[in-house]
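Here is a short briefing to read alongside the sequence and the 3D view. Keep both open as you go.

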Amino acid sequence: MPKPNVQRTSNLLASVTDEMLGGDLATKLQNNTIRVERLLLELVRPHPVQPRRVLPERIHQAFHQQQLTPTQALRELIQIVQIAARQRSRPFNNILELLTDREEAEADKSAELSPEETLLRDLVNLAVTIRDDGQVNPLTVVDVTQGVTRLYRIETGERRYWATWLLRDFIPDSGSDGTIPCIVIPGERASVFRQAKENTSRSGLTAIAMARQAALLVLSIYGQAIPENPVDNDFYRQALSLDLRAKREYTDAVLSAMGGIGKMHFSHFKNLLHLSDEALELADRHGLEEGVLRHVLQLPSESQSEMVQQIITFSLSGRQVREIVEQHQIGDTENDTEKPSPHAMRLIKLMRTVDEETPNALVQMLLREERNVHLARARIETMIAFLQEANHLLGEQ
Amino acid sequence: MTHVFVFTNHKGGVGKSTSATNIALGLSSVLKSTGAANARVLLIDTDSQAHATLVTTSRKDYGSQDSLYTVLMAERQSAAKVMNDCIVQSQWDDNLHILPASSMLEGAERELIGVAGAPYRISDPLSKIMSHYAAVVIDTRPSFSLLTEMALIAATDAIIPVEPRYLETVGLLSVITKINDIRDGWRIPDLKVSGIVITKMDSRIKGHTQLLEDLKSHPVLGKLICGVIPANEAVSYAHNNHQSVFSYDPKASASKAYAELVVTLIRRMVQG
């Protein structure tokens, strides 16, 4: 059946309205202020391109590709943590046990938590806080409803979203009514700049999340549509070939949305997207800082994830990473006799003064600098291997 | 707060579905034309005859998977999501959304007898999704059955359509008494009888004019009269064509009377 003539309806009702509605009444109806509503959890979804990742990458991708429901995604996370916890002799059946184990784990310094375990503990803690004190801080969501298909995309508060799901489906007798308070932004008022400001104004954004955020802003000012589907790192890497300098009119807005950082700092963040996929994921999961990661970029991509793993295992500082990377570069150039290497020259000068120091003094200084006996030993072994190789080459000549 | 208008009367043929459908469209259209931030209106059809569903969606074949029946039979925890998923867009206007009725609703009452919390099976899920709507309009069946009780528990404003005849006017008092019983019995303080709509008014009939005058002069009922809809063949023809009376014949006296009623209800919505 053809759709009735809606225009005639509107004309009649509009004319009656003009006659009968006072100006004040019309103004009240037009009130377009941002509103806070309790929304059904099922109608709220995290944004797949949100720079800040809450769930591990594999679960994140599967969830956004509709392969997992929110409950299934959380169940996967819990299973990962259960396996890790069992391996560390801390098995648990109920996620609330994670909170009772917390003090013991903190007392036992050797019992380091995996990022997933830390994440789940934080979510459970947040869920219990919501259960006991209520959701004091509403999420910020964008209304992307089309027709009768209601949907709200999360701008900020994804952790609270997951904690509320956890409360609803995994914490018995939680009293959750399956809704969550949200500040609803009308779809037309949403923008990547708004989202960036909301993100950067809160603490806890990792360097990799900042890199993704920088990429989203650059892509946006170059007119690239931000997709509604999950994307891989290559999507963000498109920003590497784009420059803020060509869009000077947006520079201030972009830097302000990034939390008021400088151009140089912005470039440093964006450049992190040069890291390999594996290195990016590791660095994001472990929240490594930009100052540490920037040196990893000097390495070939196949070595980057290994270096990131070393940084995580030994808690290396930026300076230590820089030195290791420089050493790696020396190793790479040692066969290159055409170019005089400044690092080789520095080493030769050091060799000339080696008898001015005792081994004990070297060990003491090395331990003081590296703060880790394993790392100090690794340094010495690397140096021995390096010198043996040099000696071998000398013999050949 | 979203106002939930329920059109109810245990007498059939008094214009409940006609009023509910046209008022729902009218609310949505007026809100839209005034530039309101939210002009969405939800119409819930609780009558198993599904007349309101038929005229607004041109369909009557909703069943166990996509109607109010589905919501009533859903698990408590998932009922709100099910309700949201069953809502369809009206053929009349994009902002008018319909939760369709099904002939299966007849059996739903039997299935729900003795089920704990049954009377709240509309109000509970509705409370979780109604903030999306500027107003909700509920059409009820011509009886005080469990479904009508559910509709009243979910409502904030009960509006009683009534024909200007002696026996109907006598019945009006029993409707008001029943609504008050539900408000007190189920402790629904938000529910109030907020209007009487006189339908099928024919000013040429002396009895109609006399009864209307009597009602208007009544100290309580007189204040409740919020609209007088003249008897008008445009209403019947609009139904036949699955159209609202506004779009079928905007110049008809019934169209203008419904439009005035819409404005009255919007004033109440804004003024709280």
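In chain A, where is confidence lowest, and where is it highest? Helix α1 (residues 6-20) of chain A has the lowest confidence, at a mean of 55. Strand β2 (residues 44-46) of chain A has the highest, at 95. These scores matter here since this is a predicted model.

**Chain A overall**

- Chain A averages a pLDDT of 84. In this chain, 85% of the residues score at least 70.
- Chain A holds 20 helices and 5 strands.
- Chain A has 397 residues, and 44% of them count as buried.
- Take the contacts in chain A between residues at least 6 apart in sequence: 68% of them join residues at least 24 apart.
- The accessible surface of chain A is about 21300 Å². Carbon and sulfur atoms account for 50% of that surface.

**An enclosed helix**

- Helix α8 (residues 158-170) of chain A has 13 residues. It reaches 17 Å from its first C-alpha to its last, close to the 18 Å expected at 1.5 Å a residue.
- Is α8(A) largely enclosed or largely open? Of its 13 residues, 11 are buried, so α8(A) is largely enclosed by the rest of the structure.
- The buried residues of α8(A) include A:Tyr161, A:Trp162, A:Trp165 and A:Phe170.

**A nonpolar patch on the surface**

- Which residues form the nonpolar patch? They are A:Met345, A:Ile348, A:Met351, A:Met383 and A:Leu387. Together they have about 420 Å² of accessible area.
- Two elements of chain A give two or more residues each to the patch: α18 (342-352) and α20 (373-396).
- The largest share, 3 residues, comes from α18(A).
- A:Ile348 lies in helix α18 of chain A. It counts as partly exposed because its relative accessibility is 35%, between the 20% and 50% cut-offs.

**Salt bridges**

- Over all chains, the whole structure has 31 salt bridges.
- A:Arg194 and A:Glu155 meet through their side chains in one of them, at 2.9 Å from N to O. This pair links distant parts of the chain: A:Arg194 is in helix α9 (residues 192-200) of chain A, and A:Glu155 is in strand β4 (residues 152-156) of chain A, 39 residues apart.
- A:Arg194 is partly exposed, at 25% relative accessible area. A:Glu155 is buried, at 3%.
- A:Glu290 forms a salt bridge with A:Arg294, and their closest N and O atoms are 2.8 Å apart.
- Why are A:Glu290 and A:Arg294 separated by about one helical turn? The reason is that they are 4 residues apart in helix α15 (residues 290-296) of chain A. An α-helix has 3.6 residues a turn, so residues three or four places apart point the same way.
- A:Glu290 is buried, at 6% relative accessibility. A:Arg294 is partly exposed, at 32%.
- In chain B, the side chains of B:Lys200 and B:Glu163 meet in a salt bridge of 3.9 Å, N to O. They too link distant parts of their chain, 37 residues apart: B:Lys200 is in strand β7 (residues 192-201) of chain B, and B:Glu163 is in the loop between β6 (157-162) and α8 (166-185) of chain B.
- B:Lys200 is partly exposed, at 38% relative accessibility. B:Glu163 is buried, at 8%.
- A:Glu42, A:Arg168 and A:Asp169 are joined into one network by salt bridges that share partners.

Note on methods
Residues numbered from 1 in each chain as written. Chains lettered and ligands numbered in written order. Predicted model: local features only at pLDDT ≥ 70, side-chain atom pairs only at ≥ 80, totals over all residues. Heavy atoms only, no water. pLDDT = per-residue confidence, 0-100. Patch = residues over 30% accessible without salt bridge, like charges linked within 9 Å, V, L, I, M, F, W, Y side chains within 5 Å. Areas by Shrake-Rupley, 256 points an atom, 1.4 Å probe, with all protein chains shown as cover. Salt bridge = Lys/Arg side-chain N within 4 Å of Asp/Glu carboxyl O. Buried < 20%, exposed > 50% of the residue type's maximum accessible area, 1.4 Å probe, protein only. Expected span 1.5 Å × (residues − 1). Contact = heavy atoms within 4.5 Å.
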